[in-house]
Amino acid sequence: MRAAIIVFPGSNCDRDLKVAFERAGAQVSMVWHKDDHLPEGIDMVAVPGGFSFGDYLRCGAIAAQSPVSASLVRHARRGGYVLGICNGFQVLTETGLLPGALIRNAGLKFLCQDEPLVVRDSGSVFTQGYAPGQRVTFPIAHHDGNYQVGPEKLAELRGEGRVAFTYADNPNGSVGDIAGVVSRNRRVLGLMPHPERAVDAAHGGTDGQAMFSALVAGLVAA
Amino acid sequence: MKVRVDVMLKAGVLDPQGEAVRAALGNLGFEGVEKVRQGKLIELELAEDDPEVARARATEMADKLLANAVIESYRVTVL
């Protein structure tokens, strides 16, 4: 499996994500945001966490207009896999690949802690390494992780089984306790918590490993 | 030509920052502040003399970047 990780000015989880993919057996290329095309033969494009462009205007808004983001959107539109974590999730909502928006945490504080989550039955390869209903712990580290969609869209997401992860104990005010959602074709995941920070015993937990292993084992060519 | 774009969270979208400001005003002794909504004011200087063209261009910019239609609304004012 070949993954490309996009690096923006202010990305800070790009190398952690590279390690997580490589340990699971993927080949990883790093792609600078000014590149207007992705390397040939990429199966998965990952958008890492961080503070791209200093969170100016809105989190992820400037990154979503980067040259490489047009390639990212084309990759997704033709059925390619995309994983956006934390700031990457914010970027994906700003490109319109995923619905909703992430606003300031309801408690206004930056939250940096281990967070218990519940894996939902989203029928996607991203959650294939877990059982529906399984509880996992991934770290969170965000100031703007409060996921918001209107009531109609929320009903649609639930009806279509597109909620991939929920918070067991909602830390940030997200509607429906939503921590991660997938696209209609199940190939794009946006997730606020950080699975790549839970892939080594030294991280304090390894619950994230199953996501990367499932991705390396289970991707279907676009 | 100067154009101002006011961006506000849509009615119904929770505004935790506005709420924090409201609480702080109460702490300072300002009574009767029933609601605070916090937004952004963006001023553009456009190389354009026709106010209607300037308005149309700023509107396009707001749709594409300056506001996020999922949570925000905006108002364009040609100054």
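The radius of gyration is taken over C-alpha atoms, and the globule rule used here is 2.2 Å times the number of residues to the power 0.38. This tour applies that rule to chain B of a predicted model.

**Stop 1: chain B as a whole**

Select chain B. Its radius of gyration is 16 Å, whereas a compact globule of 79 residues would have one near 12 Å. Along the principal axes, the C-alpha atoms of chain B fill a box of roughly 45 × 25 × 15 Å. Of its 79 residues, 15% count as buried.

Colour the chain by secondary structure to display 2 helices and 3 strands. Read from the N terminus, these elements follow the order β-α-β-α-β. Among the contacts in chain B with a separation of 6 or more, 67% join residues 24 or more positions apart.

Next, colour by confidence. Chain B averages a pLDDT of 95, and 100% of its residues score at least 70. Within chain B, the highest mean, 98, belongs to strand E2 (residues 40-45), and the lowest, 93, to H1(B). For the complex, the predictor gives an ipTM of 0.85 and a pTM of 0.94.

**Stop 2: helix H1 of chain B**

Select residues 16-27 of chain B. These 12 residues form helix H1, which at 1.5 Å a residue should span 16 Å; the end C-alpha atoms are 17 Å apart, in agreement with that expectation. Continue to Gly29(B), which follows H1(B) and has a positive phi, near 95 degrees.

**Stop 3: the contact between the chains**

Display both chains. The contact takes 12 residues from chain A and 9 residues from chain B. Which element gives the most to the side of chain B that touches chain A? It is H1(B), with 3 residues. By class, this side of chain B comprises 7 nonpolar residues, 2 polar residues and no charged ones.

**Stop 4: the nonpolar cores**

Turn to the largest nonpolar core, which has 71 residues; select Ile5(A), Ile6(A), Ala46(A), Val82(A), Leu92(A) and Val188(A), the members that touch the most others. Strand E1 (residues 2-7) of chain A gives the most to this core, with 5 residues.

Centre the view on Ala46(A). Leaving aside residues up to four places away in sequence, Ala46(A) touches Ala3(A), Ile5(A), Leu17(A), Leu83(A) and Gly88(A).

**Stop 5: helix H3 of chain A**

Select residues 87-95 of chain A. Is helix H3 enclosed or exposed? Because 9 of its 9 residues are buried, H3(A) is largely enclosed by the rest of the structure. Its buried residues include Phe89(A), Val91(A) and Leu92(A), as well as Gln90(A) and Glu94(A).

Just after H3(A), Gly96(A) takes a positive phi of about 90 degrees.

**Stop 6: the loop between E3 and H2 of chain A**

Most residues other than glycine have a negative phi. Against that background, select Phe53(A), which is not a glycine but has a positive phi of about 50 degrees. Phe53(A) lies in the loop between E3 and H2 of chain A. It counts as buried because it has 21 C-beta neighbours inside 10 Å, the cut-off being 20 or more.

Finish at Leu57(A), found in the loop between E3 and H2 of chain A. Leu57(A), not a glycine, has a positive phi of about 70 degrees. With 18 C-beta neighbours inside 10 Å, Leu57(A) counts as partly exposed.

Definitions and conventions:
Residues numbered from 1 in each chain as written. Chains lettered and ligands numbered in written order. Predicted model: local features only at pLDDT ≥ 70, side-chain atom pairs only at ≥ 80, totals over all residues. Helix = DSSP H or I, 4+ residues; strand = E, 2+ residues; numbered from the N terminus. Expected span 1.5 Å × (residues − 1). Contact = placed C-beta atoms within 7 Å. Nonpolar A, V, L, I, M, F, W, Y, C, P; charged D, E, K, R; others polar. Core = buried A, V, L, I, M, F, W, Y, C linked by C-beta atoms within 7 Å. Buried ≥ 20, exposed ≤ 12 C-beta atoms within 10 Å, placed from the backbone. pLDDT = per-residue confidence, 0-100.
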